[in-house]
Amino acid sequence: MTLFGDALAWITDGAHWGGAGGIDHRILQHLLVTFAAVALAALLALPLGLLIGHTGRGRLVVVALAGAVRAVPTLGLLTLLGLALGIGIEAPLLALVALAFPSLLAGAYAGIEAADRGAVDAARALGMSEWQLLTRVEVPLGADVIVGGIRAATLQVVATATLAAYISDTGLGRYLFAGLKSRDYVQMLAGALLVAALALLLDLTMAALQRASRPTTRKVPA
Amino acid sequence: MGIEFRDVGKTYPDGTVAVTGFSCTVPSHRTLALVGTSGSGKTTLMRMVNRMVEPTTGSVLIDDRDVLGLDKVELRRSIGYVPQAGGLLPHRRVVDNVATVPVLTGTPKRAAREAARGLLELVGLDPALGSRYPAQLSGGQQQRVAVARALAADPNVLLMDEPFGAVDPIVRRGLQDQLLQLQAELGKTIVLVTHDIDEAFRLGDEVVVLKTGGIVAQTGTPQQIMADPADDFVRDFIGSDRAERSLRTVAVDGRSLVVDGDGRPVGVLEG
């Protein structure tokens with residue numbers, strides 16, 4: 001347990017906080033990279049997923065593609081992108097976008113498909129336009145599944161964002177790679193613990209968000 | 001005037017023929033009941049009226065205007081629709097469900113909700129139920145809400161897709177009575193789909209009995225069909241041979257008692 005204790009001591013050491021390479025600074029970087037990757041992926045994956053869910057078209061093709069992307073090892077992709085784009089945050093960011101994409105897409109179309117078909121058909125027959133159908137019926141009814149996709153993507157990305165430090169001096173992964181190189185296992189473990197804690201916190205937050213987005217279908221007893 | 005089906009047919013891309021060469025006119029303020037087994041195309045025919053299904057041949061006219069020439073969304077908003085098993089929006093309160101179409105057409109929310117509570121009363125529900133969610137109502141209550149929702153924009157035409165199929169017989173009877181009473185007051189032009197011949201006879205001014213593939217077995221008033229079934233299919237469908245359909249009278253204590261085929265009494269003959 002000394003290694004573990006040492007790692008905790010390393011984290012709580014005031015000398016490792018503050019400044020450009022400080023833990024607080026790296027946590028912020030790590031979060032920024034995570035949010036940027038999920039947001040960028042969502043920009044494409046969510047509209048595409050909603051479209052597939054709503055129209056029921058192109059599902060097979062896109063699901064197969066997303067599955068293929070899921071199978072790509074992120075480290076390999078990162079190396080490839082790093083060779084093409086050079087040192088910097090661009091390559092890891094792009095690799096993380098690819099990582100987040102399938103979960104977001106699956107959540108979006110599964111959410112739409114989960115909406116009660118009878119209600120959707122009735123709403124269309126009553127005279128809702130396709131856009132109104134999507135925004136007023138399908139998305140509200142599938143919101144928690146869609147947010148579930150964002151949650152899954154966020155969890156994957158926040159853990160894997162460690163790799164950003166592989167070719168750029170960004171995020172908490174730096175402690176792992178630096179520790180590995182200098183055989184400083186205390187620093188490595190400290191980095192790993194920090195990433196794990198951050199992932200846990202973020203997932204708890206997203207879980208709360210997912211609960212809150214569940215559609216209300218019953219009146220809360222007064 | 002009214003609704004006219006003019007030689008309509010529907011063949012799906014996979015070659016399935018749902019309906020062929022169907023013609024029929026529903027005069028304004030009358031109720032047409034489309035009745036048949038599953039696969040008889042009855043729902044397909046009804047959904048052609050609000051363009052939820054588009055015919056591959058022929059045309060459907062409302063007040064002499066081809067529905068294919070009308071804007072889909074506008075058309076649907078102008079037609080009341082009561083789907084199978086309610087089809088209420090589970091995430092919206094009952095009043096907001098009823099107010100759906102008026103809100104879509106620009107009625108302020110407050111006014112639409114106010115009107116919705118009045119409609120709940122019209123269909124025999126306590127307006128206080130308006131603040132509940134559909135899942136908190138019984139099946140029969142949900143069905144009444146669906147009828148109120150269909151009436152909200154005061155449409156001339158009402159489409160009803162097996163509206164009372166998902167509730168038990170006693171509740172169904174109550175809902176049918178309610179509809180007859182409403183129809184006497186409001187005089188809508190109604191196309192009703194059902195697989196229940198008794199429901200068709202109770203609610204329809206005119207009844208179309210359909211065979212598989214949308215082929216018309218017989219068209220007529222309930223009296224005509226009961227009195228003179230066109231063929232064995234219709235005779236079988238309306239249950240002419242069933243004991244409760246073959247009534248006769250027997251004299252008991254100087255009164256004419258009506259009994260069914262099994263000899264069980266069903267009523268007393270008046271006059």
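B:Val250 belongs to strand β11 (residues 248-252) of chain B. Leaving aside residues up to four places away in sequence, B:Val250 touches B:Leu257 and B:Val259, where contact requires C-beta atoms, placed from the backbone, within 7 Å of each other. From B:Val250 to B:Gly263 there are 13 residues in sequence and 9.2 Å in space, C-alpha to C-alpha.

## Basis of the description

The structure is a predicted model: local features need pLDDT of at least 70, side-chain atom pairs count only at pLDDT 80 or more, and totals for chains, interfaces and linings use all residues. Residues are numbered from 1 along each chain as its sequence is written, and chains are lettered from A and ligands numbered from 1 in the order in which they are written.

Helices (H or I, at least four residues) and strands (E, at least two) are DSSP runs numbered from the N terminus. Two strands are said to pair if DSSP finds at least two bridges between them.

## The sheet of β11, β12 and β13

Strands β11, β12 and β13 of chain B form an open sheet of 3 strands in the order β11-β12-β13, with antiparallel pairing. β11 and β13 (265-268) of chain B are the edge strands, each with a single partner strand, so one side of each has no neighbour in the sheet. On average, neighbouring strands of this sheet are turned by 35° against each other, direction ignored; the axes are lines fitted to C-alpha atoms, for helices over the stretch in contact, and angles run from 0 to 180 degrees between N-to-C directions.

β11(B) and strand β12 (residues 255-259) of chain B run antiparallel and are joined by 5 bridges. B:Arg248 has B:Val259 of β12(B) as its bridge partner.

## The six-stranded sheet

Chain B also contains an open sheet of 6 strands in the order β6-β7-β8-β3-β9-β10, with mixed pairing. Its edge strands, β6 (79-82) and β10 (215-220) of chain B, each pair on one side only. Neighbouring strands here are turned by 15° against each other on average, direction ignored.

Within this sheet, β6(B) and β7(B) pair in the parallel sense over 4 bridges, with B:Gly80 opposite B:Leu158 in β7(B). β7(B) and β8(B) run parallel and are joined by 5 bridges; B:Leu158 stands opposite B:Ile190 in β8(B). Strand β3 (residues 31-36) and strand β8 (residues 189-194) of chain B are likewise parallel, over 5 bridges, and B:Ala33 has B:Leu192 of β8(B) as its bridge partner.

Strand β7 (residues 157-161) of chain B is largely enclosed by the rest of the structure, because 5 of its 5 residues are buried. B:Val157, B:Leu159 and B:Asp161 point one way from β7(B), whereas B:Leu158 and B:Met160 point the other way.

## Domains of chain B

The domain assignment, which is automatic or taken from a database, divides chain B into domain 1 (3-244) and domain 2 (245-271). The centres of domain 1 and domain 2 of chain B, taken over C-alpha atoms, are 35 Å apart. Their contact takes 5 residues from domain 1 of chain B and 5 residues from domain 2 of chain B.

In UniProt, an unreviewed entry carries the annotation "domain: ABC transporter" for residues 3-238 of chain B. UniProt positions follow the numbering used here, feature names are shortened, and annotations may be inferred rather than shown by experiment. The span of residues 3-238 of chain B is 37% helix and 25% strand, and its end C-alpha atoms lie 26 Å apart.

Chain A has 10 helices and 0 strands, and its C-alpha trace spans about 65 × 50 × 30 Å along its principal axes. Of its 222 residues, 42% are buried. Among contacts in chain A with a separation of 6 or more, 73% are between residues 24 or more positions apart. For chain A, UniProt places "domain: ABC transmembrane type-1" (unreviewed entry) at residues 27-206; the chain is 86% helix and 0% strand over residues 27-206 of chain A, with end C-alpha atoms 18 Å apart.

Between the chains, 21 residues of chain B are in contact with 19 residues of chain A. α2 (72-77) and α4 (100-104) of chain B each supply at least two residues of the side of chain B that touches chain A. The residues of that side of chain B comprise 12 nonpolar, 6 polar and 3 charged; Ala, Val, Leu, Ile, Met, Phe, Trp, Tyr, Cys and Pro count as nonpolar, Asp, Glu, Lys and Arg as charged, and the others, Gly among them, as polar.

Technical notes:
A residue is buried if 20 or more other C-beta atoms lie within 10 Å of its own, exposed if 12 or fewer, and partly exposed in between; C-beta atoms are placed from the backbone. Two residues are in contact if their C-beta atoms, placed from the backbone, lie within 7 Å.
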